[in-house]
Each structure stands twice: as structure tokens, then as C-alpha cells.
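Here's a quick walk through one part of this model: a few paired strands, a loop residue and a pocket. Have a look at the structure first.

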Amino acid sequence: KFLLILLLPVFALAQSTRISDHNTIGWFAYTGTFQLTDKMGVHTEYQWRRADFIENWQQSLLRVGVNYKLTPEITARAGYAWAETFAYGDIPLNGFGKTFTEHRAYEMIQVNTKVKPFDLSHRVMLEQRWVGRYTSADLDSEDEYLYTNRLRYMMRWQLPLKKSGERIPYIAVYDEIFNGFGNNMGENIFDQNRVGILLGCPVNKNFRIEGGYLNQIVQYGREIDGQNVLQYNNGFIISGIFNFDLRKKAAQD
């Protein structure tokens, strides 16, 4: 029922008239987790998001947080994110065609389970967002920040490509839907959806790399000529994922 409620805005959009903007994208991502104790860890992340394949900026995103393991399968995280979104595409996200900054606080719960032969994960994230905007086209920087809320849900399936051995490659598929709520939502109760199809491989015990196809659908927070605007972005994503266990070093020191 929870997933159905999240998807209702998508179904509604399918029945409405809209303007479409299509882009090719290329995303490069770094994720680093530093395990400090059995329960506590630090999350670091940077995403270099490009448009027009990789020619121009789409977005620069930095995210940090503190992890807490509630159980071996359940991780909670709280943290801060900074994003710089650029004026890409035929119809920029900002109505004046300007780059804008966003600050976020976020809280997250991730549940990892195994449904043989798949490794399955569910992630729910709540974001408090302060989105920069301009009250005049003459301004060179944002003069106010609009507060909004967003709820994200991601499901990811991961399938190992062999039963045993070291550095087992895998295929991963994920879908994440974003919904806005509360005041100042504008048009985007449905904010966006992302689908990824990835091939991954561990390089060593601390590092793995994965990459593949990425599809992103974004609904604008405003209408143009009384119509909703949807952005359809297709391209690739390449991620380097680092996991460092600092508990042994702390014990030795």
C-alpha cells in the first residue's frame, strides 16, 4: 500500500497534458563509508552530474552523514547535503535560467534482506530542503530560500553472477521515487523517479565499482502555459564505492 500511495502521482501525470524536455546525462559518483565502532560510522558522498552526455554541468552534489546500525540488517543515518543545480537543457529548472543552490538536512533508514538468490534493500529518506531562488532576473545570486519537504523510497535488487569465490561480480537494478509534501510544493507532489540497471564488481575488500544505465524523470515545480513540465534524462552512471573499517586501527592504537 505504501508503494502504491507513492506511485499515485505518477499515474495521474500519465493522464495529463504536459511539456517534455529530453536530455542525455552522465553521472560520476564517489561513496565512502568509514566504520568507527560496531554501531557508528561516517558516510561521505560526492556526485559529479553532467548533461549533454558529459559536456556541461547538470548538478554538483555533496552529502555527508552519521550512520548508526540498529541491527546488522538495519542502518539509520542523519546528515547534510549541498547541491548546486545548473541551467541545463532546453527548459532550465530555474524559471530565470540560472544556477541555484540547495541545502538539505536528511534522515534515512535502510533495511537489507536476502531473498535468494537476490540481495534486497529498501531505503526510506526524509529531506528538509532549502532551495535557493531569485525574485528578479537581474540578480546574480539567490536572494531567498524556499523550504520544502521530500520523501524518497528506493528498492534495489542485487544478483551475484556466480555462487562462490572472491570478487564476485553482480547485476543490480533499482527504482527510487521522490514525492514532495507540506507547504511550498508547487506542482511537484511527484518530484522525480530514477531507475538504474548496473553491473558491479568488487576490486578488493575496501573498494568496488559499478556502472550502467540511468533513467531520470523530473517534474518541474512550476507550469508553463498552464501545463506541467517533465524532464526525461537518459544516460549512464559510474560509481566508486569505498568501505573502510577503522575499528581495528582504533583498537591497536
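## Strands, a loop and a pocket

Let's start with strand E3 (residues 56-69) and strand E4 (residues 74-85), which pair in the antiparallel sense through eleven bridges. Bear in mind that this is a predicted model. Together E3 and E4 make a hairpin, with four residues between them. E4 also pairs with strand E5 (residues 100-115): the two run antiparallel and are joined by twelve bridges.

Here are the two pairings side by side, each with one bridge or facing pair picked out.

| Strands | Bridges | Example pair |
|---|---|---|
| E3 and E4 | eleven bridges | Ser 60 opposite Glu 84 |
| E4 and E5 | twelve bridges | Thr 75 with Gln 110 |

Now for the loop between E3 and E4, where you'll find Leu 70. Setting aside neighbours within four places in sequence, Leu 70 touches Lys 39, Ala 76 and Ile 109. Ile 109 is 39 residues away from Leu 70 in sequence, yet their C-alpha atoms are 9.6 Å apart in space.

On to the largest pocket, which has a volume of about 1,500 Å³. Its lining counts 47 residues, and those nearest the centre are Thr 31, Gln 110, Arg 156, Arg 208 and Ile 241. Gln 110 is also the bridge partner of Thr 75. Which strand gives the most to the lining? That's E11 (residues 227-245), with six residues. By class, the lining splits into 16 nonpolar, 15 polar and 16 charged residues.

Key. Residues numbered from 1 in each chain as written. Predicted model: local features only at pLDDT ≥ 70, side-chain atom pairs only at ≥ 80, totals over all residues. Heavy atoms only, no water. Pairing = 2+ DSSP bridges. 1 Å grid on protein atoms, 1.4 Å probe; cavity = no way out; pocket = protein on both sides within 12 Å on 5 of 7 lines; lining within 4 Å. Points joined across faces, edges and corners; volume = space filled by probe spheres on them. Nonpolar A, V, L, I, M, F, W, Y, C, P; charged D, E, K, R; others polar. Contact = heavy atoms within 4.5 Å.
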